[in-house]
Amino acid sequence: WEEQTGENEHSGGGVDVAEGVGSGGTGIPMGTVNGFGSVIVDGQRIDDASATVEAESEPGTPNKSGQDEVAVKLGQRVVIDNDTNAKVATRVRIFPELIGMVDSVDLAQQRLVVAGQEVRIIGDGSTLWPTVLDGLDGLADVSVGQRLEVHGYTRRDPVTSAYYIAATRIERRLSSQSFVRV
């Protein structure tokens, strides 16, 4: 998977998706929203103007556009269902890596633990897009016991071999549900 497309369209109603096509030959575009325009996956533009948008509010229970306030936002991880012949998205599914309570915050290391999972903030100097913080002025606004939704990539630390989530988006959540995607 590519980490970024370098594309950043701002000319329409859609999203740029970094990463490309799903692993294992599924052909399902998946990645991180890093701009708006049509969905761009491996250089292929996919129109999402008439697509249904879904996001899990509870594990296995998607909210759809029109039911609640469901919108595609910068930094979210998404999967695009599309008609490959017409290059038109039929559905955009938003997939956070986890939703849960903050266990700890380490400002110096720009890390936090949410639902028992280490989450690292991506800075401007990274090869990945910087973490989008929604409803937060910075990591200093995060406190233990707060409920967050985290989007990102699962990575392995080369020194400790421990797994962590490199966050592409963190936002406050009001729901009482917690889950970790495995």
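**Figure 1. The whole chain, by the numbers.** Buried residues account for 43% of the 182 residues in this chain, and what you're looking at is a predicted model. On the secondary-structure side, the tally is zero helices and 15 strands. Take the contacts between residues at least 6 apart in sequence: 56% of them link residues at least 24 apart. As for the surface, the chain exposes about 9100 Å², with carbon and sulfur atoms supplying 48% of that area.

Figure 2. Thr32 is part of strand 2, which covers residues 30-35. Another is the side chain of Tyr153, with a polar contact of 3.0 Å.

**Figure 3. Gln110, a loop residue with a positive phi.** Here we're in the loop that runs between strand 9 (98-106) and strand 10 (111-114), where Gln110 has its place. The backbone is the thing to check: phi of Gln110 is near 55°, a positive value in a residue other than glycine. Why point that out? Because most residues other than glycine have a negative phi. Gln110 has a relative accessible area of 34%, so it falls in the partly exposed class, between the 20% and 50% cut-offs.

Figure 4. What is phi of Ala115 near? The value is near 50°, again positive in a residue other than glycine. With 32% relative accessibility, Ala115 is partly exposed.

**Figure 5. Arg120 over the ring of Tyr164.** If you like charge-over-ring geometry, this is the close-up for you. The charged end of Arg120 sits over the ring of Tyr164. How far is that charged end from the centre of the ring? The distance is 3.7 Å. And what about rings pairing with rings? The count of aromatic pairs comes to zero.

Notes. Residues are numbered from 1 along each chain as its sequence is written. This is a predicted model: local features need pLDDT of at least 70, side-chain atom pairs count only at pLDDT 80 or more; totals for chains, interfaces and linings use all residues. Side-chain values use heavy atoms; hydrogens and water are left out. Helices (H or I, at least four residues) and strands (E, at least two) are DSSP runs, numbered from the N terminus. Buried means under 20% relative accessible area, exposed over 50%, partly exposed in between (1.4 Å probe, protein chains only). Contact means heavy atoms within 4.5 Å. Accessible areas come from the Shrake-Rupley method with a 1.4 Å probe; for residues, only the protein chains shown count as cover. A polar contact is a pair of N or O atoms within 3.5 Å; within protein, one must be able to donate a hydrogen and the other to accept it, and residues adjacent in sequence count only if both atoms are side-chain atoms. Rings of Phe, Tyr and Trp (its six-membered ring) pair if their centres lie within 6.5 Å; planes under 30 degrees apart count as stacked, over 60 as edge-to-face and the rest as tilted. A charge sits over a ring if NZ of Lys or CZ of Arg is within 6 Å of the ring centre and within 35 degrees of the ring normal.
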